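Let's take a friendly walk through a protein model. Have the viewer open as you read.

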Amino acid sequence: MEEAREYKCPACGAGLVYGAQSGDMLCEYCDSHFTLEQLEEIASAENEASGQDEMSWESTEASGGEEGEYSAIICPSCGAEIVADETTAATECVYCGNPTVIRKKLTGVFKPDWVIPFKITKKQAVEALGKLYKGKSLLPDAFTKDNRIEKVTGVYVPYWLFDCHANGNMAYDATRVSVYSDARFNYTRTDKYLVTRSGSADFKSIPVDACSKLDNKYTEAIEPYDYSELTEFSDMYLSGYMADRYDVESKDCTSRADERVRASLFAEFTQSVQGYSTVTPRNGKVQNTNGKVQYALMPVWMLNTKYKDKIYTFAMNGQTGRLIGDLPIDKGKAWGQFLLWSGIISLGASAIALLTMLL
């Protein structure tokens, strides 16, 4: 079995969850709240009094299945066995509902360097999704009725953060066009130039999603994160949320990081080429040095909902509240509105024609 950890309330024994707004560990049953330091002091005192380690269970061999695909953990609250895939690092017990952190999944190379804790609460996420649907006249009624937005789930998504110093060179073909005339002809003169730019920049915390389960178009659409709030990792922040560890190696993400460095540096170069009629990039080169990669978990609120055999995904930045997602269109309503507006426009055109004839 995998080793699991549950933060329990010292007052009533219920499971604690990380509070996105307060930054403390909260008990949803007795309303108590504790800082991580207080929990560690309480645990230390209890261990000294009992003469036992903080964690009293031992890891044992998983039975059944192929290693690396699924693993079994014992819920420290009710004793039920929970099956999780190889990347799940935090979940909840389906029997008693208590949050569980699978600590073995977050050790060694899988231990994150940093985490950005949730700041957006589940209530705020549900309200934002409700506002997204509001006023969408072409949204199918069945979609909003069966959507169950209260099922939105908080997930810590693994990211690689790339730091580097980049040197770049860029060449452009540019023109200046001038027009003049004499008594007989009009003339157009085109002067051609080779324009070059070079420079360097420092890049810090370029994010690349390290989870194959989530489409990059969602993770990149909810950026940016405020990296000034990167916090040294503690599994305390995972309690009450889902979490995955990375399943895409950093070396397999470098091409995406290189692409973002290149695009950012060349955009700065291009912005500096002013005063020409046309500017066309010819070629460019970027060299990265002092590269450094760190591992972090980022907060995301996720909702996957099915409508007419298609999955619609909504993602929200759990720190800033930036929300993206696709919405279906009711074709019947769309045709109804088209015919309505066509009738109004046709009626208006007829009225204008009649007035013109009368005048």
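The report below covers strands, aromatic rings and a cavity.

## About the model

This is a predicted model, in which local features need pLDDT of at least 70 and side-chain atom pairs count only at pLDDT 80 or more, while totals for chains, interfaces and linings use all residues. Residues are numbered from 1 along each chain as its sequence is written, and side-chain values use heavy atoms, with hydrogens and water left out.

## Strands around β14

Strands here are DSSP runs of E with at least two residues, helices are runs of H or I with at least four, and both are numbered from the N terminus. Two strands pair if DSSP finds at least two bridges between them. Strand β10 (residues 153–181) runs antiparallel to β14, and 22 bridges join the two. To find this pairing in your viewer, look for H165, which stands opposite T289 in β14.

Strand β9 (residues 114–115) pairs with β14 in the parallel sense, over two bridges; V115 has L297 as its bridge partner there. β15 is joined to β14 by eight bridges in the antiparallel sense, with N304 and T313 as bridge partners. β14 and β15 also form a hairpin with two residues between them, and K308 in the turn has a positive phi of about 50°.

## A three-stranded sheet

Elsewhere, look for an open sheet of three strands in the order β2-β3-β4, with antiparallel pairing. β2 (16–18) and β4 (33–34) are its edge strands, each pairing on one side only. Strand β3 (residues 25–27) is joined to β4 by two bridges, and M25 stands opposite F34 in β4.

## Aromatic rings

The structure holds 14 aromatic pairs. Rings of Phe, Tyr and Trp (its six-membered ring) pair if their centres lie within 6.5 Å; planes under 30 degrees apart count as stacked, over 60 as edge-to-face and the rest as tilted. The rings of Y156 and Y241 are edge-to-face, because their planes stand at 80°, with the centres 5.7 Å apart. Y156 lies in strand β10 and Y241 in the loop between β12 (231–232) and β13 (242–244), so the pair ties together parts that are 85 residues apart in sequence. Y156 and Y241 are both buried (under 20% relative accessible area, with exposed over 50% and partly exposed in between, using a 1.4 Å probe and protein chains only). F118, Y156, Y241 and W301 form one aromatic cluster.

Y180 and Y187 make a stacked pair, 5.2 Å centre to centre with 20° between the planes. Y180 is partly exposed, at 45% relative accessible area, and Y187 is partly exposed as well, at 30%.

## The cavity

What lines the largest cavity? A cavity is a set of points on a 1 Å grid over the protein atoms alone where a 1.4 Å probe fits but cannot get out, and lining residues have an atom within 4 Å of a point. The structure holds one cavity of 30 Å³ or more, and the largest has a volume of about 30 Å³, the volume being the space filled by probe spheres set on the points, which are joined across faces, edges and corners.

Its lining includes A125, L129, W301 and F314. The lining divides into ten nonpolar residues, no polar and no charged (Ala, Val, Leu, Ile, Met, Phe, Trp, Tyr, Cys and Pro count as nonpolar, Asp, Glu, Lys and Arg as charged, and the others, Gly among them, as polar).

Methods. 1 Å grid on protein atoms, 1.4 Å probe; cavity = no way out; pocket = protein on both sides within 12 Å on 5 of 7 lines; lining within 4 Å.
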